[in-house]
Amino acid sequence: LAAVPSFGPDAPFRGSGGGWIGVYPPEGSAGARRQWTGGRISRRLAAGEGESRVTLENVRPDGRPVLATFRVGDAPAGSAILPADGPRTLAVRPLPRAGGVLTITFSLVFVPAEGSASRDRRTLGVLLRSRPGEGR
């Protein structure tokens, strides 16, 4: 066993542009851009941020609902079922005054290439329809 220096707690967020980590690059044309999440996404919460809103859309090909589970740091912060019936804007509040990390985990995830002719091997959760800071 060897001790290895680790990055600071903000290391995963460097280069994220203040946005979410755990999302795939946007795809599609300018009028129809979309951005998929993986099975878990996170973003840093600024000190003093009182609420965080996110708009998510379940577009699973099988139409099954997706459970979104929210955590702020290590504390549970709620959950929501996302049916396949359009975008949903969800708010998490109150948030710690000192800031922290908001994490959303999605159950069920899917791989488009499994069970279809798609060659897409990514593990997908839902579509992210908003950017951090929208709707604050």
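These legends walk through a few close-up views of one predicted protein model.

Residues are numbered from 1 along each chain as its sequence is written. Local features here need pLDDT of at least 70 and side-chain atom pairs count only at pLDDT 80 or more, while totals for chains, interfaces and linings use all residues, and side-chain values use heavy atoms, with hydrogens and water left out.

View 1. You'll find eight strands and zero helices here (both are DSSP runs numbered from the N terminus: strands are E, at least two residues, and helices are H or I, at least four). Of the 136 residues, 35% are buried (under 20% relative accessible area, with exposed meaning over 50% and partly exposed in between, using a 1.4 Å probe and protein chains only).

**View 2. Here is the largest nonpolar core, with 19 residues.** A nonpolar core is a set of buried Ala, Val, Leu, Ile, Met, Phe, Trp, Tyr and Cys residues joined through side-chain atoms within 4.5 Å. L56, F70, L82, I104 and F106 have the most contacts inside this core. Strand β4 (66–72) gives the largest share, four residues. Now pick out I104: setting aside neighbours within four places in sequence, its contacts include W20, V54 and F70 (contact means heavy atoms within 4.5 Å).

**View 3. Two rings, W36 and F110, meet edge-to-face.** Rings of Phe, Tyr and Trp (its six-membered ring) pair if their centres lie within 6.5 Å; planes under 30 degrees apart count as stacked, over 60 as edge-to-face and the rest as tilted. The centres of W36 and F110 are 5.7 Å apart and the planes are at 75°, so this pair is edge-to-face. The two residues are 74 apart in the chain, with W36 in the loop between β1 and β2 and F110 in the loop between β7 and β8. W36 is buried at 5% relative accessible area, and F110 is buried too, at 13%.

**View 4. Two arginines sit over rings.** This label needs NZ of Lys or CZ of Arg within 6 Å of the ring centre and within 35 degrees of the ring normal. The charged end of R43 is 5.9 Å from the centre of the W20 ring. R122 lies over the face of Y24, at 4.9 Å from the ring centre.

**View 5. Check out E49, in the loop between β2 and β3.** Is E49 buried or exposed? E49 is buried, with a relative accessible area of 7%. The side chain of E49 also reaches the backbone nitrogen of A46 at 2.9 Å.

Note on methods
A polar contact is a pair of N or O atoms within 3.5 Å; within protein, one must be able to donate a hydrogen and the other to accept it, and residues adjacent in sequence count only if both atoms are side-chain atoms.
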